[in-house]
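These are my notebook entries on a structure I had not looked at before. I went through it topic by topic and wrote down what I looked up.

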Amino acid sequence: MRTFLFLVCLWLAIPQISRAQDMKSPNGNFALRFSLQADGTPVYSLKYKGKDVIKPSKLGFELKRQARDVASGGDMNQKVANAESSLHDSFTLVDSKTSAFDETWTPVWGEVKEIRNHYNEMAVTLKQKGTNRQMLIRFRLFDDGLGFRYEFPHQKELTYFVIKEEKTQFAMTGDHTAFWIPGDYDTQEYDFTTSRLSEIRGLMSKAITDNVSQASFSPTGVQTSLMMKTDQGIYINLHEAALINYACMHLNLDDKNMVFESWLTPDVKGDKGYIQAPFSTPWRTVIVSDDARDILASKMTYNLNEPCNIEDTSWIKPTKYVGVWWEMITGKSSWAYTDEYPSVQLGITDYTKAKPNGKHGATTENVKKHIDFAAEHGFDAVLVEGWNEGWEDWFGNSKDFVFDFVTPYPDFHVKEIRDYAKSKKVKMIMHHETSSSVRNYERHMDKAYQFMKDNGYDAVKSGYVGNILPRGENHYSQWIVNHYQYALEKAAEYKIMINAHEAVRPTGIARTYPNLIGNESARGTEYQAFGGSKPNHVTLLPFTRQLGGPMDYTPGIFEMDISKLNPDNKSHVNSTIANQLALYVTMYSPLQMAADLPEHYMRFPDAFQFIKDVAVDWDDSQYLEAEPGHYITVARKAKNTGKWFVGSVGGNEPRTSKIDFRFLEAGKTYIATLYTDAKDAHYKTNPQAYTIRKVVVNSKSKLSQFVAAGGGYAISLEEAGKARAKGLEKL
């Protein structure tokens, strides 16, 4: 009895704050638990509808050994060595605060008119024994998942420090099916592999395909956004939000215990992050549902970013464009003006004396043809690549002063094109390929942006092809991530929209800086001209890459046999025409390109009509069908209109899509134009086989539609009276 009373008294003497901290999501479906292990290691776990989705997982950091000079009177300096130290154990819990938040905000552009930001929050403050260093971990639990980050308050004990490793864990509950790409410090341009977690190690070497810049780090390392599905039918997505002044996070799998641990991209010295307190890391995110459609509809990544930081956003406009690009990617034409010179030097090479190669794509004549095409068919803008001096030796030479971003080739007349485009009411989109010479871009940036504004360019496609300069840096390290942010914020000063290619993947930052109107940062359509992508690739990108922001995927290819553009290129676009149309709806972006050559669209003007009609900004989006790797079907309502558009893409095998139209306003009649795969369509053998038909539908209508392998369908819906609907088949 005495022992029992002693234990009871001891338990009562322990402050309540030292016990496990629990929190539920607003709808009660998620339950978070935070606690400290016996050695003071922070641990969290997550349940969804009473089932474990994240088992107890450790949190914290390992800091790097540092040596710094400290003034020690007069002119003497004393070397002070800081031993490598742990920030992942020996903690006590000194404070815990909970709160709730609920707001609705309006995005500048997006899939929906309004976004609800509703969460419960718990902030736990930890103090480390022996060092008195403090670390706060902030958890936000939404109805669609969990976000958490580390915060370092202002303190004498921890001001400047270097991260050796971030030790955040995500302990899985089993050997889940994963849809993954290899972890890499320099590229995300991989096809997805579908496998069990336990199979990643054995499949990694095959999954790593050649790229012009790449640096893998582990046989079990994968990239976020990582999509998984449990055997119980639970969908789990691991990612990050608000990647600011920090290295991009990968995930390294302990495949014996099925535990992922964060793996930050190092800099040239191998360091993972240079931190000055006060500081907050990006959010680590876990989106979960038993319905795959909820993953696609989640706005949690955006909600974990700060509100818009641009006061006047009137100049940020969703854009549909054409361009001088696909003909270069396929090899039909070239970026370079001449083949005479093995190397060029800006300001020294006299291009007026060079012999043109006759293949240059960015000529005044060719650009005017594209401007005419854009004007005739209602496109907003024209992108031109290869217009500026330097393309003769731009790649693979570790060349610092590679472009100046303002000097055109002799056959590209900037003012003439500017005035011609203006007369046709068409905007021009600038192209800034940096060849990954980051220092060179920054020293030319102000002049380049001003040149754009002087010549009527409101948007720029930037590129970071090749290995980063300064040499040894990685595309996703802290310093280079800061460069991308610098370019974005500098562009906002000039009222310029950014579409960055080969940059770090987006993490919802477009909420704060909506002039980030697009990114590539994944395997895009260009790879269809580099040997092709898997037919189901487009059923996975919305579950992964696009959770952080829109992708400039550049769809709309109608000629799938690339050898018809360039006899030396035997690539094939693994898609049907109907699939390409559907991408304008399923691959959300406020920046959409009709990427193919104008003459190819004129061969199929009836199918091209959908690209002309489809919107790029939306009031509402409803996901009707979804299964990663297999299919996605989406309905979207165009901004400020009553028009709806539906897109459906399939995977490697044919299927039958079954949807209803309950998203339509009850009591109204709509004319639906259906662009579908023909019965004998196939992405490889018969990709250009499609049918178009018009039917009458209402909110009670149902559709059962064949989708070919690598195929899909697209629907445009417009409200119509009885007169217009007369004689049409009712669905």
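**Cis bonds and loops**

I began with P278, which sits in the loop between strand 22 (273–276) and strand 23 (279–280). The model is a predicted one. P278 is joined to A277 by a cis peptide bond, with omega at about 5°.

S225 belongs to the loop between strand 17 (221–223) and strand 18 (226–229).

**Positive phi**

Next I looked up backbone angles. K425 is not a glycine, yet it has a positive phi of about 60°. I found K425 in the loop between helix 7 (414–423) and strand 27. Is K425 buried or exposed? K425 has a relative accessible area of 78%, and over 50% counts as exposed, so K425 is exposed.

T554 is another residue other than glycine with a positive phi, here near 55°. The loop that holds T554 runs between strand 30 (516–519) and helix 10 (577–586). For T554 I noted a relative accessible area of 3%. The cut-off for buried is under 20%, so T554 is buried.

**The largest pocket**

I turned to the pockets. How much space lies in the largest pocket? The volume I noted is about 570 Å³. The lining of this pocket has 37 residues, and W394, V465, E502, E526 and F530 are the ones that lie nearest its centre. I checked which strands contribute: strand 27 (427–433) and strand 28 (457–463) each supply at least two residues of the lining. By class, I recorded 14 nonpolar, 13 polar and ten charged residues in the lining of the largest pocket.

**The second largest pocket**

The second largest pocket has about 420 Å³ of volume. I noted 19 lining residues for it. Which of them lie nearest its centre? They are D143, D144, A297, S298 and K299. Strand 10 (115–128), strand 24 (283–289), helix 3 (292–297) and helix 4 (300–303) each give at least two residues to the lining of the second largest pocket. That lining splits into seven nonpolar, five polar and seven charged residues.

**A helix pair**

I then looked up how two helices meet. Two packed helices are described by the angle between their axes and the distance between the axes. For helix 8 (residues 438–454) and helix 9 (residues 478–493), the axes come within 11 Å and cross at roughly 5°. Angles under 35 degrees count as roughly parallel, so helix 8 and helix 9 are roughly parallel to each other. On the helix 8 side, the contact is made by V438, Y441, E442, M445, D446 and Y449. Helix 9 brings W479, I480, H483, Y486, A487, K490 and A491. I sorted the residues of this contact by class and recorded nine nonpolar, one polar and three charged.

**S716**

My last entry is on S716, a residue of strand 39 (residues 712–719). Its relative accessibility is 11%, so S716 counts as buried. Which residues is S716 in contact with, leaving aside its neighbours within four places in sequence? I listed F610, W644, F645, I671, A672, T673 and Y675.

Key: Residues numbered from 1 in each chain as written. Predicted model: local features only at pLDDT ≥ 70, side-chain atom pairs only at ≥ 80, totals over all residues. Heavy atoms only, no water. Axes fitted to C-alpha atoms, helices over the stretch in contact; angles between N-to-C directions. Helix = DSSP H or I, 4+ residues; strand = E, 2+ residues; numbered from the N terminus. Parallel < 35°, antiparallel > 145°, perpendicular 65-115°, else oblique. Contact = heavy atoms within 4.5 Å. Nonpolar A, V, L, I, M, F, W, Y, C, P; charged D, E, K, R; others polar. 1 Å grid on protein atoms, 1.4 Å probe; cavity = no way out; pocket = protein on both sides within 12 Å on 5 of 7 lines; lining within 4 Å. Points joined across faces, edges and corners; volume = space filled by probe spheres on them. Buried < 20%, exposed > 50% of the residue type's maximum accessible area, 1.4 Å probe, protein only.
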